[in-house]
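This briefing is for a reader new to the structure shown here.

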Amino acid sequence: MKKIFILSAVFCYSYITAQIKTPQPSPTATIIQKIGISNVTIDYSRPGVKEREIFGGLVPFNKIWRTGANKATKITFEENCIFGGVKVRKGSYSLFTIPGEKEWTVLLNKETELWGTGDYNEDNEVLRIVVVPEKTKDFTESFTIDFGNFKSFSAILSIKWANTLIN
């Protein structure tokens, strides 16, 4: 009888602890933005600064970065569009960057199921553009992707984290 009770207690404890849900350290986010007459959707994870040095530290300069945490950031265009001056066909792409001190390279890649950068294949790149980062006075604790500066059929995509902004 004692053995059955102990076994039951162990089973119940295992079942209860397996059911406890805890928040992700880098929660996922989805932004859907109507630009002109079409939607752009971005799925990404939002790591926090958590008192760490971000660019040049956690995210090394001049190395490819998945631009967020966990699974690579995915951007989906409902219609053909122009992204950073480059024509892009409708569909889903992964968004990677190569942060640098004076310039960043922004990459769209056909492979949308990558975790990290280990299997990144340049042959699947759709575009590669260079942008200049800005240092900001405003501090952004959680990695953020957003849209702004709307015009009839365009908007500016912004990436913000710590005291860095790219548009």
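**Sheet and overall layout**

Strands β1 and β2 run antiparallel and are joined by 8 bridges; strands are DSSP runs of E with at least two residues, helices are runs of H or I with at least four residues, and both are numbered from the N terminus. Two strands count as paired if DSSP finds at least two bridges between them. The model is predicted: local features need pLDDT of at least 70, side-chain atom pairs count only at pLDDT 80 or more, and totals for chains, interfaces and linings use all residues. Residues are numbered from 1 along each chain as its sequence is written, and side-chain values use heavy atoms, with hydrogens and water left out.

**The open sheet**

- The open sheet holds 6 strands, in the order β1-β2-β3-β6-β7-β8, with antiparallel pairing.
- The edges are β1 (28-35) and β8, each with a single partner strand, so one side of each has no neighbour in the sheet.
- From one strand to the next, the twist averages 20°; the axes behind such angles are lines fitted to C-alpha atoms (for helices, over the stretch in contact), and angles run from 0 to 180 degrees between N-to-C directions.
- Ile35 has Ser38, in β2, as its bridge partner.

**The whole protein**

- The protein has 1 helix and 10 strands.
- Along the sequence, these elements follow the pattern α-β-β-β-β-β-β-β-β-β-β.
- The protein has 167 residues, and 37% of them count as buried; buried means under 20% relative accessible area, exposed means over 50%, and partly exposed lies in between (1.4 Å probe, protein chains only).
- Of the contacts between residues at least 6 apart in sequence, 54% join residues at least 24 apart; a contact means heavy atoms within 4.5 Å.

**Salt bridges**

- Side chains of opposite charge can pair when their charged atoms come close.
- A salt bridge is a side-chain nitrogen of Lys or Arg within 4 Å of a carboxyl oxygen of Asp or Glu, and by this rule the protein has 3 salt bridges.
- One of them joins the side chains of Lys71 and Glu113, at 2.8 Å from N to O. This pair links distant parts of the chain, 42 residues apart: Lys71 is in the loop between β2 and β3, and Glu113 is in the loop between β7 (104-109) and β8 (125-131).
- Lys71 is partly exposed, with a relative accessible area of 28%, and Glu113 is partly exposed at 47%.
- Arg128 forms a salt bridge with Glu122 at 3.9 Å, N to O. Arg128 is partly exposed, with a relative accessible area of 42%, while Glu122 counts as exposed at 56%.
- Glu125 and Arg128 also meet in a salt bridge, at 2.8 Å from N to O. Through shared partners, salt bridges join Glu122, Glu125 and Arg128 into one network.

- Lys50 sits in the loop between β2 (38-45) and β3 (73-77).
- Its relative accessible area is 46%, so Lys50 counts as partly exposed.
- Neighbours within four places in sequence aside, Lys50 is in contact with Pro25 and Glu141.
- The C-alpha atoms of Lys50 and Glu141 are separated by 7.4 Å, although the two residues are 91 residues apart along the chain.
- A polar atom of the Lys50 side chain lies 3.4 Å from the backbone oxygen of Pro25.

**Positive phi**

- Most residues other than glycine have a negative phi.
- Asn70 has a positive phi, near 60°. Asn70 is in the loop between β2 and β3, and it counts as partly exposed at 26% relative accessibility.
- Asn149 also has a positive phi, near 50°. Asn149 lies in strand β9 (residues 134-151), and it is exposed, with a relative accessible area of 60%.

Note on methods: A polar contact is a pair of N or O atoms within 3.5 Å; within protein, one must be able to donate a hydrogen and the other to accept it, and residues adjacent in sequence count only if both atoms are side-chain atoms.
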